Amino acid sequence: MKQAGTKKGGCGGGCKRFLANNWLLLSTIVAVVLGIGLGVAVREYGKLSSLDKYYFSFPGEVLMRMLKLIILPLIISSMITGVAALDSSVSGKIGLRAVVYYFFTTIIAVILGIVLVVTIKPGVSQNAEEIDRMGSTPEVSTVDAMLDLIRNMFPENLVQACFQQYKTKREEVIMKNEADKNGSIPTENPVTAVMPTETSENNTKEYKVVGMYSDGINVLGLIVFCIVFGVVIGKMGEKGQILVDFFNALNEATMRIVQIIMWYMPLGILFLIAGKIIQVEDWEIFRKLGLYMATVLSGLAIHSVVILPLIYLIIVRKNPYRFAMGMAQALLTALMISSSSATLPVTFRCAEEKNHVDKRITRFVLPVGATINMDGTALYEAVAAIFIAQLNDLELDIGKIVTVSVTATAASVGAAGVPQAGLVTMVIVLSAVGLPAEDVTLIIAVDWLLDRFRTMVNVLGDAFGTGIVEKLSKNELEQMDVTSEVNIANPFALETATLDCDEAETKKSYVNGAFAIDKSDTVSFTQTSQF
């Protein structure tokens with residue numbers, strides 16, 4: 001009897017512990033199911049007007065605004081503290097490993113997408129005229145887009161970078177005729193002999209590049225600045241310590257605000273997904289583009305269920321699916337809000353609390369990953385480009401397929417972690433291989449759904465990246481721990497040994513205004529490498 005009671009108590013205690021640890025994940029799953037049910041029910045029986053639909057989605061909009069609100073302080077504080085806590089040579093190695101991993105997985109995703117779309121051929125059985133177009137084509141130049149990416153890495157105003165990105169667009173210059181320049185008045189019926197050379201000259205258009213700012217956080221520029229700033233204050237030693245402590249406190253405060261937002265998340269997600277289901281007008285398009293969607297989704301599934309876990313297993317030698325389960329809350333959030341940047345607060349929380357990844361790694365790797373690691377986006381762009389070629393009965397040779405893979409990889413890096421940035425980079429990929437850019441309007445109707453799944457894959461890739469980089473950087477992190485212990489025991493031991501008598505005397509005192517202060521009596525040392 002006692003054993004039975006013990007078992008029952010143990011089981012009850014285990015269930016309570018499980019619910020306490022995973023209440024947020026479980027409530028989010030329930031919210032998703034209820035959101036789908038509510039959305040379908042209101043769509044069938046509600047007959048809401050456009051204004052009613054807008055008001056219905058309001059709780060979901062509040063969640064998105066709260067998550068976007070916290071992105072800026074989270075990225076700045078985590079990047080600066082992460083880099084400052086690492087030795088400059090160590091941060092360089094960690095950064096290099098992270099970037100190599102990101103590019104390697106992105107190239108694999110692109111190759112996988114190309115293999116699937118060439119094998120399945122979702123566009124061969126259809127024609128572009130059969131599919132309804134939706135939305136408009138963004139005007140993008142490949143060269144200008146790449147140059148804008150570099151420009152945004154070095155913002156001219158740091159405050160402006162917190163809410164605006166720089167972008168350029170081409171404007172046609174209207175050329176005046178030579179006759180007009182000389183001030184002569186043209187005749188009423190001018191007769192002109194047109195030569196072939198003149199025709200080609202007349203057809204030549206002149207453009208000028210005009211710069212402007214668009215709304216949205218310039219994440220790339222902030223990350224570059226934070227890396228440099230973190231390295232500098234890390235090298236400043238005691239003088240920079242006050243800044244390190246400040247950003248550590250800011251990071252801690254930000255994560256506590258994230259915990260508060262988590263309480264609201266299930267309710268926000270319920271109305272977010274219900275509102276989206278209500279707003280979709282044409283469900284017939286899903287049938288027409290069903291094979292294309294199946295190709296993209298199967299590619300994303302293979303990449304996230306097979307390839308990424310396999311890379312993690314080979315390098316880390318631990319169960320990748322247990323690691324992925326630890327990231328379940330972040331993956332579900334990414335699926336619902338379709339923004340890897342907005343998911344960043346939840347990704348931090350899952351990686352550090354559930355999977356126990358070293359904070360020095362997560363703070364450095366995750367913000368960079370949310371900006372440049374876009375496995376799902378790259379795979380989607382490769383599939384979409386070749387699908388559009390198939391719709392137009394265009395055969396892409398090996399050279400053009402290689403161009404698609406290279407451009408999709410490069411363009412995915414430039415896709416900021418915001419909803420549907422893939423459409424802009426999609427135009428870059430289409431232009432690179434000479435496909436009609438306006439055909440991007442064929443796939444806009446289903447992009448909102450695919451965007452959610454590819455964002456989930458992007459976040460999973462970021463998460464596996466933290467585990468892999470932590471494993472590869474294990475020796476450097478342990479060496480830093482040993483060094484910090486030595487320095488904490490006697491922080492000035494090495495310094496005092498190398499100083500001669502005169503320099504040591506100078507070290508002991510300095511003049512501040514009219515007061516001479518004995519520095520050796522007032523020094524306090526704060527441990528920051530362990531947090």
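Modeller: Start with arginine 65. It counts as exposed, because its relative accessibility of 58% is over the 50% cut-off. This is a predicted model, so treat each value as computed from it. The side chain of arginine 65 meets that of glutamate 61 in a salt bridge, at 3.9 Å from N to O. Glutamate 61 has a relative accessible area of 30%, so it is partly exposed. Both residues belong to helix α3, which spans residues 58–84. They are 4 residues apart there, about one turn of the helix.

Next, helix α10. Here arginine 256 pairs with glutamate 252, and the closest N and O atoms are 3.3 Å apart. The helix covers residues 241–279. Because the two partners are 4 residues apart in it, about one helical turn separates them. Arginine 256 is exposed, at 54% relative accessibility. For glutamate 252 the relative accessible area is 36%, which means partly exposed.

Helix α15 holds another pair. Arginine 349 forms a salt bridge with glutamate 353, with 3.9 Å between the closest N and O atoms. Both lie within residues 340–354, the extent of α15. Again the spacing is 4 residues, about one turn of the helix.

One group goes beyond a pair. Lys93, Arg97 and Glu476 are linked in a network of salt bridges. Over the whole structure, a search finds 10 salt bridges.

For a contrast with these side chains, look at methionine 327. It has a relative accessible area of 0%, so it is buried. Its place is in the loop between α13 (320–326) and α14 (328–337). What does methionine 327 touch, leaving aside its neighbours within four places in sequence? It is in contact with Thr347, Cys350, Ala351, Asn355 and Ala463. Of these, Thr347, Cys350 and Ala351 bring us back to α15, whose residues run 340–354. That is the helix of the arginine 349 and glutamate 353 pair. Methionine 327 also has a C-alpha to C-alpha distance of 9.5 Å to phenylalanine 464, although 137 residues separate the two in sequence.

How values were computed. Residues are numbered from 1 along each chain as its sequence is written. This is a predicted model: local features need pLDDT of at least 70, side-chain atom pairs count only at pLDDT 80 or more; totals for chains, interfaces and linings use all residues. Side-chain values use heavy atoms; hydrogens and water are left out. Helices (H or I, at least four residues) and strands (E, at least two) are DSSP runs, numbered from the N terminus. Buried means under 20% relative accessible area, exposed over 50%, partly exposed in between (1.4 Å probe, protein chains only). Contact means heavy atoms within 4.5 Å. A salt bridge is a side-chain nitrogen of Lys or Arg within 4 Å of a carboxyl oxygen of Asp or Glu.
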